[in-house]
Amino acid sequence: MAYAPELLEAVRKILNETRQDRLCREYLASHPSPSGLGPFLGSIEPAFLFLGLNPAGYDVAEYPSGAEDYLDFATRYFKQKNTDKASFAAYLPYASINTADYETFGEVAMAAHVVPIPTRRANEIPPRLLTPCWARTMKLVAAVRPKLVLIHGAAVWKFLAGLEESSGPQLTHLPESHKVALNTLIETVEGEKLPFQSGFAGAPDDFKPWLVALPHLGGAGGPRAQREKLDRAVREARRLMHGVRAGVRIRKPV
């Protein structure tokens, strides 16, 4: 399959330059990743992009090391019957898919990672890796241009919102009410007001998706009231990304 040059370049940079990056190289020297690097899985024309910290807990035997091979593998991942898709069960409702329809999920959504280094648990990734890795991941996000970015996990939100003292915000617009830690944001802001529109520093000015911050999707899901609030937030974001006020539901093509 032929891929857009900017997409190929973005994936190639992630796969090649991550191992050359000083901080990543030092981390990999003490935490080798036998399965390779995993920038994303799913669609390269996503309506929904789930942006998490790293591919933690995924049962992938080996990721391809070449850009075109990786794109072939990643875009077929959710169609194949012999791949472990259980880690993505919590993602499905946020893409308006309420059954275990992973094939359709893979046609409309991308699960991308700021740090492409696989680990068993997300808390194994040190915060110092986010800055160098994001410079490359941002090119991937800008190349696929999702309408809605679902940021999940406190570490990624803290980094993108500029709540780390060592780095500034990576978002060009952030409401005052959102300049807080993830738990505080979810507790204090109404569900319908959680979505906001922003560009990314260093990305093209005309790329301004809607964004919603969510807890880490690999967890238990949180209290029922919180889950209901986040459901409302994402429903509102789906309406906003289409410029309509009615509900939007993705259905599997016939």
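Predicted model: local features only at pLDDT ≥ 70, side-chain atom pairs only at ≥ 80, totals over all residues.

Colleague: Why is α1 called roughly antiparallel to α5?

Modeller: The axes of α1 (residues 5-20) and α5 (residues 130-144) cross at roughly 160° and come within 9 Å, where axes are lines fitted to C-alpha atoms, for helices over the stretch in contact, and angles run from 0 to 180 degrees between N-to-C directions. Angles under 35 degrees count as roughly parallel, over 145 as roughly antiparallel, 65 to 115 as roughly perpendicular and the rest as oblique, and α1 is therefore roughly antiparallel to α5. The residues of α1 that meet α5 include Leu7, Val11 and Ile14, and among their partners in α5 are Leu140 and Val144, with contact meaning heavy atoms within 4.5 Å.

Colleague: What makes α1 and α3 roughly perpendicular?

Modeller: Helix α1 packs against α3 (residues 67-76) at an angle of about 105°, with the axes 9 Å apart, and by the cut-offs already given the two helices are therefore roughly perpendicular to each other. Leu7, Leu8, Val11, Arg12 and Leu15 of α1 make this contact with Ala67, Glu68, Tyr70 and Leu71 of α3.

Colleague: How do you know whether Tyr102 is buried or exposed?

Modeller: Buried means under 20% relative accessible area, exposed over 50%, and partly exposed in between, using a 1.4 Å probe and protein chains only. Tyr102 has a relative accessible area of 14%, so this residue is buried. Tyr102 is found in helix α4 (residues 102-108) and, leaving aside neighbours within four places in sequence, is in contact with Phe78, Lys85, Ala86, Phe88, Ala89 and Leu92.

Colleague: How do you know that the span of α8 agrees with what a helix should have?

Modeller: The expected span is 1.5 Å times one less than the number of residues, so the 19 residues of α8 (residues 224-242) should span 27 Å, and the end C-alpha atoms are 27 Å apart, which agrees. Among the buried residues of α8 are Leu230, Val234 and Met241, and the buried residues of this helix pack against β2 (48-52), β4 (148-152), α7 (182-188) and β6 (210-214). After α8 comes Gly243, whose phi is positive, near 70°.

Terms used: Residues numbered from 1 in each chain as written. Heavy atoms only, no water. Helix = DSSP H or I, 4+ residues; strand = E, 2+ residues; numbered from the N terminus.
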